[in-house]
Each structure stands twice: as C-alpha cells, then as structure tokens.
Amino acid sequence: MSPPTLAIVAAGAMGSAVARRFTSAGCTVLTNLDGRSPATRARASAAGMQDVPMRELAARAEWILSILPPSEAMGFAESYLDAHADIGYSPDGHDLNFADCNAVSPETVKKIAAMFKKSPVGFVDAGIIGGPPKDGYDPVFYASADDAGPLNAFSGLQKWGLNVSLLKGEGAGVGDASALKMSYAGITKGITGLCTTMILAAHSSSPATAQALLRELGASQPMILQRITRTVPDMLPKAYRWVGEMEEISSFVGGGAGQIHQGMARIYERVERSLKEEEEGKGGNDVKALRDFVEEAKKLLEEKK
C-alpha cells in the first residue's frame, strides 16, 4: 500500500506535530494557510506540509483531518465541501473521508456530520486526548462513526503513525468520540481552571493569603500543588483556545451543571486578557500572580524533598 495523501487544517501545535508523524512515514500532507500567521507558516514548513489552495486540497487529499479551534470547525467543513462540490470527483479514484478532530460537543459534531450526508465524503468523529505527538509519545485519536467504512479506514491510518482507538459497540456512532473528549477535558482542564480561579481569588484578597494558600497546599495537598506547577504554565499560552472548548463542554453537560464550565470559560478569558495586557506593557497582573505562585510552589516542593 502506497502512503496516502492527507490534508491537515490547521498547522497549529497539534496539527503540525501530527503532520510531522505522517510526513516522516512517507505521506504527503497538504494544508491551507490562507490568513495564517508567520508562526503557523513556519510550523507547517518544518513539518513538511504543502500549502495549497482549497480547491487543490479537495482535489488531492484522500483524508482530511480538521484540527482547529472549536469556533472554526463548522466553517472549515463548509469551505471544504464547497471546494469538493466544485471539483466533483475523488482523488485518483480513492475513497474520500473527513475526520473532525476538534474539541466540540456531540451536538456540534452531529451538525457537522449532517452536512456530509449528501456528499460522497465519509465522516468520522474523532476526539484527541493528549498533547502534540513527539519522540516517544503519541496522543490518542478516539474515533466513532455511523458507518463502518470510514471508521475502519481511519483505523488504517495507524500504519502511518496515528495512534487510533475506535469506539464500537451498542449505540456507538457520531458524537461518542466527541462526548469522550468533552468528558475528559471537562475534568482535566476543569481542574486547571478551578485551581487558577482560586489562586487568583486568594491573591486578590492579599499576597499574604496567596502565600498561606500555597503553604497549606504544600502541607496537606502536595499532589495538587505539584499538579499546579505543571498544568498552569502549560495552560497560559493555550487559554484563548480553551475558552471555546469550555463553552462546548458546557453545552454538552447542559442544565444548571453546564454553568460550571461557563465559569471555566470566563477564567480562561481573563487569563487571555492578562496575557495581552502583558504583551502590550499595560499590566498583566493576573498572569504575573500565577507565574509567581508556580515559582514559589516549585521552591516549596523542592525544599520538601
């Protein structure tokens, strides 16, 4: 079997790292960089991705992996289908499949899947759990679909470096992989949001309160403090993307309980604003408070060893 031609949009940290897995295995990976930043273009080039117009992407790619912020998922699917409709054929006679790998709710991914019903393009719901792949590590692409053909074809991408786990069994279909992603991220990123919220709340009372919180966590909850030292710094550059993800999780949970993750969305918006203030030299006090807390926590934990 010859290596497939795939398309990955966009070439963010995750998309470019996944692309590098494929190109290292001999696959051709296309993307579309219209309107993307110089940093994104540099990542795409380093990963061996080829920047092509949407019509060419639709004409050549056997697989399309959509790896975008949640707010862009629907729009890209529409753009791809429009481009494919203009062309009207599958590349080299291959089956054509689209995997939505975005952090969206089951309701959102079902709306996206419905757009593909009248097209010749197979659809897979995929949820990524884990960070960008690197040497010795791969995230898991959990996948579900209403049709076995696209799902089994997606499993076949394991040969080219993708770590796939299929969700099968009674009732499994489009929406289940996204539900798993929502559930997992709602726990992990929700915990990070909760910790961030309470660190900032303590600091707003007084620096002394924040220091007392740090010492008490070190004495009675050292595992939580250790987690804070890892997850809070990792969250800062991603906060802008996590806003939409928390809103999708809120929709997934629904009812009054869904307000929990609406609150997480607001704290990540607050962090995003603080980062922009810092970049513009206009403050960034929240980000400074978080970084200071993390550095003090690292010192405290090191002293306890």
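Modeller: In this predicted model, Lys 299 and Glu 296 sit three residues apart in helix H12 (residues 285-304), so about one helical turn separates them.

Biologist: What makes the contact between Lys 299 and Glu 296 a salt bridge?

Modeller: The closest N and O atoms of Lys 299 and Glu 296 are 3.7 Å apart, and a salt bridge asks for a side-chain nitrogen of Lys or Arg within 4 Å of a carboxyl oxygen of Asp or Glu, so the pair qualifies.

Biologist: Why is Lys 299 called partly exposed?

Modeller: Lys 299 has 49% relative accessibility, and exposed would need over 50% while buried would need under 20%, so Lys 299 counts as partly exposed. Glu 296, with a relative accessible area of 30%, is partly exposed as well. Elsewhere, salt bridges that share partners join Lys 181, Lys 189 and Glu 245 into one network.

Biologist: How many salt bridges does a search of the whole structure find, and how do you know that Arg 60 and Glu 56 form one?

Modeller: The search finds 20 salt bridges. For Arg 60 and Glu 56 the closest N and O atoms are 2.8 Å apart, which lies within the 4 Å cut-off. Both residues belong to helix H3 (residues 54-60), where they are four residues apart, about one turn of the helix. Arg 60 has a relative accessible area of 30% and Glu 56 a relative accessibility of 31%, so each of them is partly exposed.

Biologist: What makes Arg 266 and Glu 247 a salt bridge, and which parts of the chain does the pair link?

Modeller: The closest N and O atoms of Arg 266 and Glu 247 are 2.7 Å apart, again within 4 Å. The pair links distant parts of the chain, with Arg 266 in helix H11 (residues 259-279) and Glu 247 in helix H10, 19 residues apart. At 33% relative accessibility Arg 266 counts as partly exposed, and Glu 247 does too at 32%.

Biologist: Which residues lie nearest the centre of the second largest pocket?

Modeller: They are Met 1, Pro 4, Glu 62, Trp 63 and His 94, from a lining of 13 residues, and the space in the second largest pocket is about 280 Å³.

Biologist: Finally, why are strand E3 and strand E8 said to stand at the edges?

Modeller: The open sheet has eight strands in the order E3-E2-E1-E4-E5-E6-E7-E8, with mixed pairing. Strand E3 (50-51) and strand E8 (164-166) each have a single partner strand, so one side of each is left without a neighbour in the sheet.

Biologist: What makes strand E2 and E3 a pair?

Modeller: Strand E2 (residues 28-31) and E3 share two bridges in the parallel sense, and pairing needs at least two bridges, so the two strands count as paired. Leu 30 has Gln 50 in E3 as its bridge partner.

Definitions and conventions. Residues numbered from 1 in each chain as written. Predicted model: local features only at pLDDT ≥ 70, side-chain atom pairs only at ≥ 80, totals over all residues. Heavy atoms only, no water. 1 Å grid on protein atoms, 1.4 Å probe; cavity = no way out; pocket = protein on both sides within 12 Å on 5 of 7 lines; lining within 4 Å. Points joined across faces, edges and corners; volume = space filled by probe spheres on them. Buried < 20%, exposed > 50% of the residue type's maximum accessible area, 1.4 Å probe, protein only.
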